[in-house]
Amino acid sequence: MQHQGKSSGSEMEVTWQDQQNINTFSRFNNRFHELEDEIKFAKEKCDNLEDAGNELILADEEMVRFQIGEVFAHLPKDEVETRIEEMKEATCKTLEKLEQEKQSLVSQMAELKKVLYAKFKDSINLEED
């Protein structure tokens with residue numbers, strides 16, 4: 001995101017409100033990129049939990065190894081199935097919230113772009129390089 005002066009020599013006045021809009025857009029843009037990373041991580045975690053649940057279904061043992069923090073414990077298969085399902089539900093809910101926040105940011109950023117481009121036209125660049 002860059003603010004460029006006009007080459008024609010005429011300076012456009014940047015008001016306090018304009019600067020607030022530019023700053024807000026910048027914060028939204030930074031959060032947008034953080035959300036993309038968080039969403040990617042949550043999707044991978046959801047997929048891994050789904051795979052773990054499927055593998056557990058195929059397991060013959062009544063007691064299975066389950067990682068708790070840094071250690072592995074032997075737990076009943078039914079308990080591990082329940083834990084994995086709870087973890088998957090929590091991760092999917094988190095993913096849903098992250099995606100909703102991302103959609104909200106995208107629409108707010110679009111509104112700010114309209115306002116800023118309407119005033120500054122080619123003198124401002126809000127697009128990613």
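This is a predicted model: local features need pLDDT of at least 70, side-chain atom pairs count only at pLDDT 80 or more; totals for chains, interfaces and linings use all residues.
Reader: What does the UniProt annotation say about residues 81-115?

Author: The unreviewed UniProt entry annotates them as "coiled-coil region". The annotation also covers residues 25-52. Such annotations may be inferred rather than shown by experiment.

Reader: Which is the span of residues 25-52, helix or strand?

Author: The model gives 100% helix and 0% strand for residues 25-52. Their end C-alpha atoms are 40 Å apart.

Reader: How many helices and strands does the protein have, and in what order do the elements run?

Author: There are two helices and four strands. From the N terminus, the order is β-α-β-β-α-β.

Reader: Why is the protein called more spread out than a compact globule?

Author: Set the value against the rule. The globule rule gives 14 Å for 129 residues. The radius of gyration of the protein is 24 Å, well over that, so the protein is more spread out than a compact globule. The box tells you the dimensions: the C-alpha atoms fill roughly 80 × 20 × 20 Å along the principal axes.

Reader: Why is T91 called buried?

Author: Buried means under 20% relative accessible area. T91 has 7%, so T91 is buried.

Reader: Where does T91 lie, and what does T91 touch?

Author: T91 lies in helix 2, residues 77-120. Leaving out residues up to four places away in sequence, T91 touches A42, K45, C46 and L49. A contact needs heavy atoms within 4.5 Å.

Reader: What makes F120 buried?

Author: Apply the cut-off again: under 20% counts as buried. The relative accessible area of F120 is 1%, so F120 is buried. F120 is placed in helix 2.

Reader: How far is F120 from L56, in sequence and in space?

Author: F120 and L56 are 64 residues apart in sequence. In space they are 58 Å apart, C-alpha to C-alpha.

Reader: What share of the 129 residues is buried?

Author: Buried residues make up 26%. The accessible surface of the protein is about 9200 Å², and carbon and sulfur atoms account for 50% of it.

Reader: What share of the contacts joins residues at least 24 apart?

Author: Take contacts between residues at least 6 apart in sequence. Of these, 64% join residues at least 24 apart.

Reader: How many positive and negative side chains are there?

Author: The protein has 17 positive and 30 negative side chains. The centres of the two sets are 6 Å apart.

Conventions
Residues are numbered from 1 along each chain as its sequence is written. Side-chain values use heavy atoms; hydrogens and water are left out. The radius of gyration is taken over C-alpha atoms; the globule rule is 2.2 Å times the number of residues to the power 0.38. Buried means under 20% relative accessible area, exposed over 50%, partly exposed in between (1.4 Å probe, protein chains only). Accessible areas come from the Shrake-Rupley method with a 1.4 Å probe; for residues, only the protein chains shown count as cover. Lys and Arg count as positive and Asp and Glu as negative; His and the chain ends are not counted. The place of a charge is taken as NZ of Lys, CZ of Arg, CG of Asp or CD of Glu.
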